[in-house]
Amino acid sequence: MDFRLLVPAAAVWSVTALGLAVPTAYTLALAICSGAVALAGTVACLTGRIGWDTVGLVVVVAGLAAVCATSLALRQEARTEHPLAATTGKATVVLTVRGDPTIVGQPSAGRVRVRVGVEQIGSQRVRPAAADLMGDVQEWSGLLPGQRVVTIVRVRPPPAHSLLVATVTAQRPRPVGPPPGHQEVAGAIRERLQTLAARGLDADAAGLLPGLVLGDESSLDDGLRDDFRDAGLSHLTAVSGSNFAIVCGAALLVVRSVGVPPRAAAIVGLVVIVGFVVLVRPSPSVLRAALMGAVGVLALFASRRAQAVPALGAAVVGGLLWWPELALQPGFALSVAATGAIVVWAPRLRDRLREWRCPPGVAEVIAMAVTAQVVTAPIVVVVTGTFSVVGIVANLLVAPVVAVISVIGTLAALIGAIGPPDGPGALVGELLVRALAPELWWMVACARTLGGVSWASVDVWSPFG
């Protein structure tokens, strides 16, 4: 396998994380030093003093570090100079909703957090800038991403080590025009899937299905959510790279089976990824999952896992240059670690299991679940301070039904949204949802049984808690 691109990826990750943690002046100094190293190495190669084989990797790493640090310093400077950063007290703003609201604290508190883009302060148009908004669940839960609203906010400083310009507390949002058409369609699909699930499934399964398929946890029972967390299965109710890989991989297999050329199939895969991002909301976690899912699809499509390692490095570099805050997000580290483990170590474990006469399909599932769980467990322990004792067993037990639920559930969401709620499309969608009842029952049973025992997860020391 070609691991050379992983070194630049690690360098970009380190520089980005360091740049977010230090003042802008230090980030600029890092950019200048890295640029000087890259320039010196390039000059040495051009003058024939040193061969490219000797310093080529150093030049590439230093050059990427310089670009990354410069870009980050410019963003930090723009954040500091933004008018909202200098605003105190209350202000009337025009903003655009960028994602779905997420519940903060206990659900009974009725508070949500949502990422927004501030476009106007009072009567002054400003450069769009990202901010975290806190608000009432009843006022903000009905708004769609891309929708513009006018609201009164109280401005506070942004979270540490971020590129947000502020944290705002808002009330009484007033929509300014309709949301984008594609988001209206996506919202209708998500709402219809909830309706069909409530019709055809029991309460636990009806709340779980939208989370497994679209990352919509709004109807998920709190007790079941806790059991999923204790059983090490909470990643299944949030859209991950595996969701993208499963759905896009299934689409690619279908189009390839009917004779579509490779280049056209690649375009289909790209369209599916973009469409799925819109459907499940373009939040940072979803975009991160799309990057990792694209790596998994490449590995499947190319049938050469060696190509997936450079793709993983390129995804890390591209993702961090585009969205630097990913460098300090535990979810990004978990996604990269799980994808890397599946690409690098899962094939070896699969081959060993086959040598022990394990059926091919079962060997693949076991290898992916075990490697991903083992590699990501230390990161989970460091971040959360808990370790799931039953995590590997739980993931092995539910692995056979995850792909079935993802593919059939996505089809049910798309087909079920066609026509009126009692039309043929909704009927077909409901039948597909009902067909998933055994798989959902099995997943709920595994989470309840394994996550419900007192020793399912143990508390350990964590520097974050």
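This is a predicted model: local features need pLDDT of at least 70, side-chain atom pairs count only at pLDDT 80 or more; totals for chains, interfaces and linings use all residues.
Strands S4 and S6 (residues 167–175) run side by side in the parallel sense, paired over three bridges.

S4 has another partner. Strand S3 (residues 111–121) pairs with strand S4 (residues 124–136) in the antiparallel sense, over ten bridges. Here Ile121 has Gln124 in S4 as its bridge partner. Follow the chain from S3 into S4 and you trace a hairpin, with two residues between the strands. Gly122 sits in that turn, and its phi is positive, about 65°.

Now step back to the whole chain. The protein chain has 17 helices and eight strands. Its radius of gyration is 24 Å, close to the 23 Å that the globule rule gives for 465 residues, so the chain is as compact as a globular protein of that length. Along the principal axes, the C-alpha atoms fill a box of roughly 70 × 65 × 50 Å. How many of the 465 residues count as buried? The share is 45%.

Next, look for empty space. Rolling a probe the size of a water molecule over the atoms shows where such space is left. The second largest pocket has a volume of about 350 Å³. Its lining is made of 18 residues. Val247, Val272, Phe276, Thr410 and Leu414 lie nearest the centre of this pocket.

Which helices supply the lining of the second largest pocket? Helix H5 (181–200), helix H8 (241–257), helix H9 (262–280) and helix H15 (391–416) each give at least two residues. H9 provides the largest share, six residues.

Finish with the aromatic rings. A search of the whole structure finds three aromatic pairs. Trp322 and Trp323 form an aromatic pair of the edge-to-face kind, with 6.0 Å from centre to centre and 70° between the planes. The cut-off for edge-to-face is over 60 degrees, so an angle of 70° qualifies. Is Trp322 buried or exposed? Trp322 has a relative accessible area of 53%. Exposed means over 50%, so Trp322 counts as exposed.

Methods: Residues are numbered from 1 along each chain as its sequence is written. Side-chain values use heavy atoms; hydrogens and water are left out. On a 1 Å grid over the protein atoms alone, a cavity is a set of points where a 1.4 Å probe fits but cannot get out, and a pocket is an open set with protein on both sides within 12 Å along at least five of seven lines; lining residues have an atom within 4 Å of a point. Grid points are joined across faces, edges and corners, and a volume is the space filled by probe spheres set on the points. Helices (H or I, at least four residues) and strands (E, at least two) are DSSP runs, numbered from the N terminus. Two strands pair if DSSP finds at least two bridges between them. Rings of Phe, Tyr and Trp (its six-membered ring) pair if their centres lie within 6.5 Å; planes under 30 degrees apart count as stacked, over 60 as edge-to-face and the rest as tilted. Buried means under 20% relative accessible area, exposed over 50%, partly exposed in between (1.4 Å probe, protein chains only). The radius of gyration is taken over C-alpha atoms; the globule rule is 2.2 Å times the number of residues to the power 0.38.
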